[in-house]
Amino acid sequence: MTTTFPVTTTTTRLTQLDALESEAVHVMREVAGELERPVLLFSGGKDSIVMLHLARKAFWPAPVPFPVMHVDTGHNFPEVIEYRDRTVTELGLRLVVASVQEAIDDGRVVERPGGSRNPLQTVPLLDAITAHRFDAVFGGGRRDEEKARAKERMFSLRDEFGQWDPRRQRPELWDLYNGRHRPGEHVRVFPLSNWTELDVWRYVEREGIELPGIYFTHERDVFARDGMWLTAGTWGGPRPDEHVERRRVRYRTVGDMSCTGAVDSTAADVADVIAEVAASRLTERGATRADDRASEAAMEDRKREGYF
Amino acid sequence: MGTHAPTGLVETAPSASPATTPPAGVDDHGQRDLLRLATAGSVDDGKSTLIGRLLYDTKSVLADQLSAVERATAARGGDDGVVDLALLTDGLRAEREQGITIDVAYRYFSTARRAFVLADTPGHVQYTRNMVTGASTAELAIVLVDARKGVLEQTRRHAALTALLGVPHVVLAVNKMDLVGFDAATFRTIAEEFADYARVLGQPGVHAVPLSALAGDNVVDRSVRTPWYDGPTLLELLEAVPVTRDASSEPLRLPVQYVIRPRTPEHPDYRGYAGKVASGVVRVGDELRVLPSGRTSRVVGLDTFDGPLDAADAPRSVTVRLADDLDVARGDVLVPAAEQVPTGQDLVGTVCWLTERRSVAGARVLVRVGTRTVRGLLRDVDARLDVDTLTVEQWDGVDTRYTIDATDTSTQAAPRSLGLNAIGRVRLRLAEPVVLDDYATHRRTGGFLVVDPADGSTLAAGLIGPTLLDRLAPVRADERDDDWLAGAGI
């Protein structure tokens with residue numbers, strides 16, 4: 001043994017964050033131990049950044065033993081793509097990009113005029129899973145996000161069409177996760193299932209995790225649509241009747257630019273964000289995601305079709 | 001129990017006053033501890049209202065969630081503007097359309113003292129499957145009764161499953177006290193009947209609280225309408241029950257999940273065994289035994305990304321380095337070298353059958369214990385527990401007489417077989433030895449899964465060794481002789 005380490009003191013009491021971290025690390029090691037070709041969905045959003053951080057912890061001092069995949073809608077925040085590419089280089093990860101634009105160009109999906117590309121992510125995601133023969137896909141979904149997610153398992157079986165059938169979910173007892181599946185099927189795995197939005201932020205603070213700058217206050221030209229502040233980009237911009245103004249905003253979630261709204265905020269650092277989230281009267285999806293407002297079952301419907 | 005304050009709990013909670021949300025702008029940065037709990041009861045008992053009240057009173061329901069529920073209440077023709085809090089917990093379209101809860105839902109709320117993960121299990125539909133799932137990780141179960149109806153068959157069923165799964169604390173929430181005029185005698189009668197029943201089940205840690213979820217009495221705040229009750233409110237109980245077990249009093253079990261071998265220039269020879277401490281404590285310098293091989297070695301390092309530890313308690317995830325180059329792999333269990341830990345290929349235990357395909361004697365299955373998956377043969381089902389009546393039906397000898405149609409999903413009691421939601425005692429023969437910790441004393445390592453090798457589905461969840469089933473049906477002396485197990489080699 002060539003490695004020697006100084007010995008630190010015992011830690012006895014596990015805090016809430018310790019318990020959540022240990023659970024997520026356990027889940028990731030189970031996947032690496034039981035499944036052959038895992039991949040971690042990495043969008044450059046805070047949940048996927050926390051997930052990648054947990055993966056580094058789970059396998060240290062070895063490198064993360066699986067690639068990361070970004071489902072790229074083509075409507076990205078430039079700061080997030082910069083963060084993605086820098087992280088992948090620094091950690092020596094392999095990045096798989098599943099492109100919505102390519103799927104549109106190939107005719108595999110049809111773009112709806114003026115519509116969000118978020119629902120269009122399902123086809124390139126499933127195509128990439130098939131092409132790379134991934135059998136486990138880590139997602140950053142949390143049960144506190146949405147009512148359909150609250151019923152999903154840590155290990156969620158998807159059939160060969162990527163579909164989720166809530167009535168055929170496997171019971172999940174103790175910490176005995178069952179990822180077995182037939183050829184062509186795969187499991188989606190959600191190590192952050194039991195985390196809340198605040199837990200994620202507290203963990204970002206505790207671990208000193210760097211996030212893309214758009215999560216913190218900045219000045220931006222925005223316009224109001226569907227009760228959210230949207231920003232112009234490659235996806236399009238304001239209609240003639242929509243007024244553009246400069247505001248101090250930040251993003252609570254990061255997704256497709258066309259349907260992810262900013263919130264008015266002066267939160268400049270993680271501590272400010274924690275105070276703001278703790279005082280907020282709106283959930284992050286309710287505040288900033290147009291795609292979840294379609295109906296009471298919008299997320300359930302998308303999940304059934306193979307969405308994250 | 002009953003109307004008395006649970007003194008054992010008060011000792012662990014220095015302050016009896018309820019602590020709800022922290023003051024504005026103050027954050028504990030995740031330093032509080034975590035309690036996992038499960039609720040059992042039906043919508044009729046006011047369970048959803050109770051959960052809604054816990055979420056609402058701890059400010060865990062946000063404005064957009066509440067307005068969505070208000071819209072849904074109105075769309076359903078809800079009356080007089082009273083928000084149907086049940087809709088907060090019904091997540092799936094079919095649940096909302098049919099007004100039933102199908103699946104376990106997980107809810108999150110927190111107070112200044114504690115964060116809670118609540119597994120909300122439906123009371124009617126597939127109750128066994130859902131309840132055992134929720135109870136498997138719970139440190140506390142809330143069993144709900146309607147004060148007007150008292151202890152019902154359903155209450156007994158929920159208590160039996162809670163006891164079977166070894167949940168350490170049970171709170172009997174006697175709800176709708178407003179509808180019985182906050183009558184002390186009514187509460188005492190129900191609490192005492194439940195306490196008697198809990199004694200039959202061998203359930204420890206039972207507490208009863210008189211409350212009204214609708215009006216909020218004794219849920220978060222103490223009620224002025226129950227002056228005869230001097231015990232804690234429901235939330236005070238949830239904040240007071242001990243979560244941290246005394247890890248040093250438990251035997252170490254560390255199932256190996258994954259072998260970490262970086263083979264990088266910085267760590268060319270590193271070999272560490274990654275796993276979560278399931279119970280007990282592992283310390284640098286400990287002499288450990290690797291099961292099932294039986295080889296021993298000494299711990300020379302406990303590594304984490306954040307630096308080395310000299311000891312790690314359950315449920316911490318660590319990477320263990322050993323002094324000797326042993327052949328350790330996923331599925332092995334690290335235990336104290338000095339402890340005689342049972343291992344073997346013959347597993348007797350109690351299972352909850354979880355699928356519509358009935359059990360078939362002689363079926364070839366996979367058995368998952370800890371991180372180890374081995375091939376197994378389901379030799380026999382020799383007893384079945386009726387959780388409604390707490391009676392055990394026992395069958396003698398080894399069943400070879402019946403051929404059972406695996407597609408038969410009828411609820412008719414097929415001989416020697418378990419259907420969906422049935423609980424029975426099974427005997428499994430395993431292709432390789434596994435650690436056989438009794439579930440009753442080793443809740444973190446004594447559980448197992450029975451898996452279908454064809455499609456990977458989970459057929460059953462099991463508890464190794466004697467359980468509530470055996471407690472209720474003591475094995476007769478003439479059946480105790482298990483010679484047939486040794487004699488009937490496969």
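Which strand of chain B do four bridges join to β11(B), and do the two run parallel or antiparallel?

## Strand β11 and its partners

In this predicted model, four bridges join β11(B) to strand β15 of chain B, residues 333-336, and the two strands run antiparallel. Within this pairing, B:Arg289 has B:Val335 of β15(B) as its bridge partner.

Strand β11(B) also pairs with strand β12 of chain B, which covers residues 295-303, again in the antiparallel sense and over four bridges. Here B:Arg289 stands opposite B:Thr296 of β12(B). These two strands, β11(B) and β12(B), form a hairpin with three residues between them, and in the turn B:Gly294 has a positive phi of about 90°.

Strand β11 of chain B spans residues 287-291, and because four of its five residues are buried, the strand is largely enclosed by the rest of the structure.

## A sheet of six strands

Chain B also holds an open sheet of six strands, in the order β2-β3-β1-β4-β5-β6, whose pairing is mixed. At the edges of this sheet are β2 (105-110) and β6 (206-210) of chain B, each of which pairs on one side only. Neighbouring strands of the sheet are turned against each other by 25° on average, if direction is ignored. As a general point, strands of a sheet pair through backbone hydrogen bonds, and they do so either parallel or antiparallel.

One pairing in the parallel sense is that of strand β1 of chain B, residues 33-40, with strand β4 of chain B, residues 140-146, over four bridges. The bridge partner of B:Thr39 in β4(B) is B:Ile142.

Notes. Residues numbered from 1 in each chain as written. Chains lettered and ligands numbered in written order. Predicted model: local features only at pLDDT ≥ 70, side-chain atom pairs only at ≥ 80, totals over all residues. Buried ≥ 20, exposed ≤ 12 C-beta atoms within 10 Å, placed from the backbone. Pairing = 2+ DSSP bridges. Axes fitted to C-alpha atoms, helices over the stretch in contact; angles between N-to-C directions.
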